[in-house]
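Student: Before we look at any details, could you take me through how such features are read from a model, beginning with the general idea each time?

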Amino acid sequence: MDRAEEKLIFAVNGERFELSRVDPSTTLLEFLRCHTRYRGAKLGCGEGGCGACVVLLSKYDPLLEKVEDFTVNSCLTLLCSLQGCSITTTEGLGNSKDGFHPIHQRFAGFHASQCGFCTPGMCMSLFSALVNSEKTPGPDPPPGFSKLTVSEAEKSIVGNLCRCTGYRPIADVCKSFAADVDLEDLGLNNFWRKGENKEKILSRLPFYSHSNEICTFPEFLKREIKSKSLSDFNGYYWYSPASIEELQSLLETEEDGNRVKLVVGNTGVGYYKEQEQYKRYIDLRHIPELSLIRRDRTGIEIGAAVTISKAIQALKEESEGGFHPNGEMIKKIADHMEKVASKPLRNTASLGGNLIMTQRNHFPSDIATVLLAVGSSIIIQTGPERTELTLEEFLERPPCDFKTIITSVRIPSWESVRRFSSETKTKLHFESYRAAPRPLGFALPYLNAAFLAEVSSSKTSVVVESIRLAFGAYGNKYAIRARKVEKLLVGQSLSLNLLFEAIKLLKATVVPEEGTSYPAYRTSLAVGFLFDFLYPMLEAGSTILRGGLNGYMNALPTKLLEFNREYSPVGEPTQKSGAEIQASGEAIYVDDIPSPKDCLHGAFIYSNRPLAQIKDIQFKSPPELYGVVRVISIDDIPEGGENLGSQTMFGTEHLFADDLTQYAGEPLAFVVADTQKHADMAANSAVVDYDTEDLGTPILSVEEAVKRSSFYEVPPYLRPKQIGNFSEGMAEADHKILSAEIKLGSQYHFYMETQTALAVPEEDNCMVVYSSVQCPQITQIVVARCLGVPCHNVRVITRRVGGGFGGKAMKAMPVATACALAAHKLQRPVRIYLNRKTDMIMAGGRHPMKINFSVGFKSSGKITALHLDILINAGISADISPILPLNILGALKKYNWGSLSFDIKICKTNHSSKTAMRAPGDVQGSFIAEAIIEHVASTLSLEVNTVRSKNLHTFESLKLFYDSSAGEALEYTLPSILDKLSASSKFHQRDAEIRQYNSCSKWRKRGISMVPILYEVSLRPTPGKVSVLNDGSIVVEVGGIELGQGLWTKVKQMTAFALSPVKCDTSGDLLERVRVIQADTLSLVQGGMTAGSTTSEASCEVVRICCNELVERLTPLKERLQEKMGPISWNMLILQANLQAVNLSASAYYVPEVTPMRYLNYGAAVSEVEVDLLTGATSILQTDIIYDCGQSLNPAVDMGQLLGSHHYF
């Protein structure tokens, strides 16, 4: 083969890349992040589900002479598939040097970026929608807008997840580009204020013009010749056959199917992870027959390599005017396919790939179920032999071997007999359904279904002439037809008795396999879907509302802000610091730091047993094949070092298991290899030899922990106090509920950025560790103790974190420590970026609990006594678990329980240590309180809000329950908040309307509830440092970490305000002169932990103290200079301060006084929800929230935090 034919040529952001040797398993994301300067695309899940990796892919069609632009998940797209393609990342749209794109500017201006990790992917999804909207017919939009509609703009980001913002500001960004948007309906932004006229608004909105848009496909690529094959990268091959015959020839030469991979979009690896690398990759996209779409009067035939997106487009075109006589059915099939996965994934995933995964691997496919219902057939080919099978036959046959390929899928034309007479008429009915955790985007269904029926109706009866009932994804191997139910219904006149018989039979048919989650729910879904389909035929004019597929409601909140400018710029909705560079991909996270020379990569080998002796660890293949340099274990800890992975004030946790592993997920060793992919593959191939003899049984439940008295102690100063006398309170009660039970499960953090670290050894036995951690100071201590070196030998640096929620506190420490240990041992830089599976297994998550309560109450609903028995599953180490009793009671005491007693036990079990997770204990405490209130209301048949009101605190009872934290009477604002919320949300009016609605609606019911919230704030000491540099710019250091909560923004505002007394008339805006820099444990000590929603407050106070000191130093100088020179500039003041040896750096350590150290925050929310009784699907129709934050440091940032917390749980 000519070497010129072997080159891979493509472009990234207009830059030409030409590669002659490429590992076929290399993904586009891996190439971008490891071999280019473009780091905007991020690795979030590695499954195409989060959208952090989304980029724009552009292809040129020389026949049509047009460019096709679409989004793809770069974490799944193979680099070798990009021959002649152009890639655009968010860096290609604009940057801080050449100017930001309007998308970047609007993301920043609408306060739509918090941690910012997901923002580049969001920008590219929106950019793709804008580019493609201009290709659609229709009138030109007004200047500054696109052809997108508001609905299309909102849906452009369906494939992107965000864990911070609550989506409202992101949706506002998208809608701001839509031609039909009402700008006044958009939320708070940095461009205009409410009430300004439209002309002023338009003048301030960053201008968008498609004519000025970047070129997504450079001209030089149009001249490049496609390469047929990229051959021989260390024995690995990539082929691009041009015909089925050539494909079959390639397959015939291979005997081992485990070595060959057929590729279209490579999206299957998002679900089925590859444990070993394939030897041969065969790209099917260049075989014309597999990419054809044929239409005739018998139906529509779609090639197996056609992407799902193109199949949807073809079906929609067919429904609008093709040969197919039943266009409505075809459109519904297309509509259902749009609920499958995300758009970037559908843009590359193939129809044939979806079906072959279903047949071979029992993938829970929506497409297979829908196509089964409409009688589709599959054309397969093995060698020269081609066979057409019904989809049912195809699914039921043994798994296809690698030499059998799907060539096409045929959807037949359905046309009912349509007999019409004065007596009867015949009609074809088709519906499809799915129930999933999320109605749109990347969420596999609990169950999907599709039904096709031909019915004849008359004035007296409805007869089922024929029917096809398909069900799938409910915990079975593949989609099935409920043939016994079909047989029961065919030829019968529909009646309630017949429907109930069909449901009874269906329950016996749709039975999930053992081990399937929620089996009863899945069966009930099948019943609900069938009822939903048949009942309207039975009762003409029924008002039943369709559920499973079309239950998505677009309900975004509005917001009302109150703020003042008395302390400007503190209190103003200033744009979040760094938001534009987060959008443009220039913001640097730990994994964005370029790898130093000779850098290695690590991955954990962890236990999958809860209690076992470790006898040996081996690899399935020689580790040298994976580029493994060394396996680091407990034996590699240096003399004088400790086997320490994390520590809290309550204890420590090992870095590695010794001879005994005590929980599944415990690190056993740390594989170090030449790339992250190789390290992960080596760790996955590890085979651990366990021995459980003579160890007894592990403790896996809180009940077992109680039996074996396995508990952690709570220090006396953290033990909550009992209130009143429980026995006396129960004696006063008219009614009692005894030993009721509540169980609360765990929850994974799901920060967008997984745990990551980079350790670089330096001279004199020193180590620099870059860690995505919420507590660098404690990480420094742990690393130093592990390495056996003084703390001054270890520098931990954290610039920003891509989402934390408590999971980047203790659980980030062992990740950083393992890297540091490996770097110390090998004297080479070592980094790690945990894959999502490992992160989920090792992260711990929220504490599960079991609660038993006994409560006494009056007939009026007033509670007189409450006793709680709470068992908390803490896992294998204490972590932060001892603070949970105080936190649980802190939230639960928002009501006056009369007397309150409790017995809270923190159980030590053989699970991973549970850790801090967004309001640890407070969330559970509030839930427990509301569950008890609702139980009491139900027992008394009272309105739950009546019971809530009866048990709200007076200020006197508040002081009894919260002691000094209660503050002054004027600070107890919860009753007034509830009154204000009741009025502003029209609670009582809506409650009456809901009752009326429920009386008329059979299958959908609504409810409304108003819930108070209380959070006990506890401030911690924190350090800070403010320095004014020679040119008048200001640099600030604080102990807190920027997690996306706007810490840096608020600190900048406080710095500008606190220095304003020496601000000079001609100095301009001090805010623009301030820069907050990364946390560095050798630059600013005693940084503590960023947690508890108090870091911004404490950091701003310490900065104020520092600035006050600078003001005291500069004021006398300023006054002397003004006497001599008149008005002076800030730069002149600072220059003279330097010349006169004024110390322009001030540091402080803020220690809260006893009184303000703990105080109470109040809020309340009204939520209206709707439940589909047939499917269990729920929708939040409206939420109204009032939060008393005192005087907000930054209303835009605080509003973002509020909206984000509402969507988080």
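This is a predicted model: local features need pLDDT of at least 70, side-chain atom pairs count only at pLDDT 80 or more; totals for chains, interfaces and linings use all residues.

Student: How many aromatic pairs does a search of the whole structure find?

Tutor: A pair of aromatic rings is described by the distance of the centres and the angle of the planes. Rings of Phe, Tyr and Trp (its six-membered ring) pair if their centres lie within 6.5 Å, and planes under 30 degrees apart count as stacked, over 60 as edge-to-face and the rest as tilted. The search of the whole structure finds 29 aromatic pairs. In one of them, the ring centres of Phe-17 and Phe-31 are 5.5 Å apart and the planes stand at 85°, so the pair is edge-to-face. Because Phe-17 belongs to strand β2 (residues 15-19) and Phe-31 to helix α1 (residues 28-35), this pair ties together parts that are 14 residues apart in sequence. Here helices (H or I, at least four residues) and strands (E, at least two) are DSSP runs, numbered from the N terminus.

Student: Are Phe-17 and Phe-31 buried or exposed?

Tutor: Buried means under 20% relative accessible area, exposed over 50%, and partly exposed in between (1.4 Å probe, protein chains only). Phe-17 and Phe-31 are both buried. Another edge-to-face pair is made by Phe-177 and Tyr-208, with 5.4 Å from centre to centre and 85° between the planes. This pair links distant parts of the chain, 31 residues apart, since Phe-177 is in the loop between α5 (168-175) and α6 (198-204) and Tyr-208 in the loop between α6 and β6 (229-233). Phe-177 counts as buried at 0% relative accessibility, and Tyr-208 counts as buried at 2%.

Student: Which residues form one aromatic cluster, and where does the charged end of Arg-1006 sit?

Tutor: The cluster consists of Tyr-433, Phe-451, Phe-471, Phe-529 and Phe-533. As for charges, one sits over a ring if NZ of Lys or CZ of Arg is within 6 Å of the ring centre and within 35 degrees of the ring normal. The charged end of Arg-1006 is placed over the ring of Tyr-997, 4.0 Å from its centre, and Lys-808 lies over the face of Tyr-751, at 4.7 Å from the ring centre.

Student: At what angle do helix α8 and helix α9 pack?

Tutor: Two packed helices are described by the angle between their axes and the distance between the axes. Axes are lines fitted to C-alpha atoms, for helices over the stretch in contact, and angles run from 0 to 180 degrees between N-to-C directions. Helix α8 (residues 308-319) packs on helix α9 (residues 327-337) at about 160°, with the axes 8 Å apart. That makes α8 roughly antiparallel to α9, on a scale where angles under 35 degrees count as roughly parallel, over 145 as roughly antiparallel, 65 to 115 as roughly perpendicular and the rest as oblique.

Student: How do the axes of α2 and α3 cross?

Tutor: The axes of α2 (residues 102-109) and α3 (residues 119-133) come within 10 Å and cross at roughly 130°, and α2 and α3 are therefore oblique to each other. Among the residues that meet, with contact meaning heavy atoms within 4.5 Å, are Ile-103, His-104 and Phe-107 in α2, and Met-122 and Leu-126 in α3.

Student: Which peptide bond is cis, and what is the phi of Asn-266?

Tutor: Most residues other than glycine have a negative phi, and most peptide bonds are trans. The bond from Ser-568 to Pro-569 is cis, with omega near 5°, and Pro-569 is found in the loop between α16 (519-538) and α17 (579-583). Asn-266 has a positive phi of about 65° although it is not a glycine, and this buried residue has a relative accessible area of 9%. Asn-765 has a positive phi of about 60°, but Asn-765 is partly exposed, at 41%.

Student: Which residues does Asp-659 touch?

Tutor: Not counting residues up to four places away in sequence, Asp-659 touches Ala-612, Gln-613 and Ile-614. Asp-659 is exposed, with a relative accessible area of 55%.

Key: Residues are numbered from 1 along each chain as its sequence is written. Side-chain values use heavy atoms; hydrogens and water are left out.
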